[in-house]
Amino acid sequence: MVDLEFFLEYYEFLKQEKEKGKKIIAYMSHDNIPEELIDAAGFIPLRLIFSGNDELMDKGADYLPTSTCSFALSTIGLFSVKPNKYRFLDLIDYFIVSNHCVSDICSSEIICKYFDIPRIDFYVPYILSENGLKYYRIELIEFKKKLEEIRGSSISNEDIINSIEKYNRFRRNISKIKYYDISGSDKLELYQKALLYGPKILELRNFNVNNAGQININNKKNVILTGCSIFLGDDLIEIIEKGGGNVIFLDTWVGDVYFSQTLEDNWLDQQKKNNPFDILTEMFKRNTYTDHVVPNFIEYKIKKIVSIINNLKEKLGISNIGVINHIIKFCDHMSLPREQLKEKLQAKNYFVLNIERDYSRASHGQLSTRIEAFLEMI
Amino acid sequence: MSLMTDDVINFTSMLRMSYDFLHSGRKFNIKSNRKGKKLISVVFPFSDLVFAAKAIPIFPIRLEKFKVNTYLEALNSASGLFGWKAVSNFLGFIRKFDFLKVFDGIIDDVINSLNYKYNNMYDLGIEEGVSNDFCYGIKALYGMHSSRHNNLDANLNVIIRCSAFNKYYESLKRFSDNLIWLDIPPRNIGNALEICTGNVKETISQLEKLTGNSITDNDLRKQFRISNECRELYKEIIYEISNSNFYPCNPATFSEILALLSISFQDFNSNAETYLKNFRNLVKEMKERIRKKIGMDVSNRPRILLTPRFGGWEPESHNLIYKMGGRLLYADWEILGALENIEVYAYSDPIEAYAKFLMDITTKGVGCDNNALTDSYIRVARKMDVDGLIFIELFGCHSISNCYTMLRQKVRKELEIPTTALTFNKIGENIEQVKTRLGAFMEMFN
Ligand code: SF4
Ligand code: SF4
């Protein structure tokens, strides 16, 4: 898990960028936000990927009912409590209100309204159809206009293409760590840091992947983690490891779902002469694993899990792999399909554990017991 | 709950609507009763395209068998012979000799059997795997599909801003391969209206494929005219009749009528023309009774708006408010913009008009965020000139009913009327708590 020092470093990083005149644009939304446009505008995207605790959830509940997802409540709580290590939140200039899920809309709106942060709207269609893509494009146009308004000058197509290439390289590089022989918690930490720093991380001195192998995966109970992301500061992955498990693959947004969204160089080269919005729209179209869209989320998810397992078996020669489906309590996207996902995977003879939990301290004991019992079965 | 009996017994239209609501759906479980028409589940007032496709829209709870007393059944048979008006007069007459308390049973059954069935469906939804953490509406709807999916030919899924609901739509794949989708752009920017029009066209072609019927512009216009008239009548009840100092019935009955209207408005009891006829009669009967001073003087009773109720609410609330000296009003569809008319002109494009109607609901009524939604609450509360507002904080709702903090501030600033929030999980649970909260709230009007 990242330490205090990381938060200080991150604060310094954002502060320096801000001193260069860059604006910090924050958002809760898990994906489909065109960060390439933010980058092309010369701004810094700040993904809010911080988990919570009892205090933060309680504070969030001053604004939304307790039956809101713990991540959303805690994110509001962060702005309300402003714990010392999160003082980089004071550097935020704009906040994107988006509809990844309705909790995203409501919490982001509250953060803007009650903590006085100017908002930028960016809404994403729910259905991936031709018309959905057309709508996404309109949102891109509006978004670009808004960014241009903020920076006071237009953003060139060339700058957008450069940012697209930059982010593409970044994702491709980071996505490689999925097969590295390091522990799940180390992978997660890298993913989390990468999401916060963006492409900049590839330039940072202290960012290196120890590929020498800290653990021997064959001696561990290997699991794929799917469902909700493990946000920064959450010790779920440590609980799994303490129980004798190893998260061999993070099939979550803070994980492979984000970093696997890469474009082939050839294709990108051909597209360069076109409008960059075509590329961004194509990226949205290809993002079929996002939990935002309907109606094929479950099918895609199952197909992906099956292919991950087959791949791992083939590549690493592992036989038994369990699936832990992580559901943050009251998450609209992951909670409703949980039984269907489990049924369908079990029908393929996979071991599946649905864990639904919030960020309260009290849920820890039960969580470890259930995880241990599950790992025993594998 | 006999307090409503005297009122409703003379409302022929209400008896008819209640009967249709409870009984006309069940017959569609038998294929031969559909006369070759496809049966399509709908939720929210989005049944127009289904009617235009000459299919049968149904809010799926209506496929259930309700535990309704035999008298309502008998009334329906009698109405077939003598007409509903004659039956109603007859009922009014024998009401005087009602030592068997038959009529109390009729009304009680309509209300209670609906609530009982809703709770049944809710339990079934949980049994079928929906997490307890979802709202009452989603659990109950899932239960309804689990119970009757075999009888449905398709489901019309109209995308709304609630992500839980969109995921619920997707979960219906477990029961059916025939999910017909209608996506609505979240904001009205750029050529979003054109895109929405394209989406409506796509839905129309899916309906045409399913039913084998083509949907002409005239089919659409005809249906929109019917539903527009229903909307106008609905608004007349909400804004005019509910605002009068004399009610055609006691205020609890009035609330009950509003509640039944809002549930049945989703599928027009599967027959738009009959529904309209009943709606016309209902408004006419209400006005007639007010004119003749049949009903109740309510001038000294504060008018309280309760919202949102469509995802689940405690139906006992209106009886409690009535007993505490107030009158409770429901106007969800108006708040959410679903009672706006669909433009119908001879030479305009009805598909585009319908797309505009849907986009207005999404962007102005329900709103793409809680700011727009809370504005809708304020707009309607102001227009209805209500004296107080009760907000339902529905357990598990992350969308419509979670904006209380924002709403309370706006109400204080813009309306200056008392407001309170009630939490709700399941019908019949926590009645005592509801009573206490409502009691404290109503104190403010003394
Ligand atoms: S965890 Fe789920 S409900 Fe919460 S913000 Fe993410 S997708 Fe939305
Ligand atoms: S808006 Fe609320 S009540 Fe309606 S379906 Fe969504 S969660 Fe349920």
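Me: What is the area buried between chain B and chain A, and how is that area defined?
Reply: In this predicted model, about 3900 Å² is buried between chain B and chain A, with carbon and sulfur atoms giving 58% of it. Buried area is the accessible area (1.4 Å probe) that two parts lose on being put together, summed over both. Of the area that chain B buries against chain A, Lys167(B), Arg187(B) and His398(B) supply 18%, more than any other three residues.

Me: How many residues does each chain bring to the contact?
Reply: Chain B gives 45 residues and chain A gives 49 residues, where contact means heavy atoms within 4.5 Å.

Me: What makes the pair Asp369(B) and Arg119(A) a salt bridge?
Reply: A salt bridge requires a side-chain nitrogen of Lys or Arg within 4 Å of a carboxyl oxygen of Asp or Glu. The closest N and O atoms of Asp369(B) and Arg119(A) are 2.5 Å apart, and the pair therefore meets the definition. The rule finds six salt bridges across the interface of chain B and chain A.

Me: How do you know that chain B is as compact as a globular protein of its length?
Reply: The radius of gyration is taken over C-alpha atoms, and the globule rule is 2.2 Å times the number of residues to the power 0.38. For 446 residues that rule gives 22 Å; the radius of gyration of chain B is 21 Å, close to this value, so chain B is as compact as a globular protein of that length. Along the principal axes, the C-alpha atoms of chain B fill a box of roughly 55 × 55 × 50 Å. Buried residues make up 66% of the 446 residues in chain B.

Me: What conventions apply to the numbering and the values?
Reply: Residues are numbered from 1 along each chain as its sequence is written, while chains are lettered from A and ligands numbered from 1 in the order in which they are written. Local features need pLDDT of at least 70, side-chain atom pairs count only at pLDDT 80 or more, and totals for chains, interfaces and linings use all residues; side-chain values use heavy atoms, with hydrogens and water left out.

Definitions and conventions. Buried means under 20% relative accessible area, exposed over 50%, partly exposed in between (1.4 Å probe, protein chains only).
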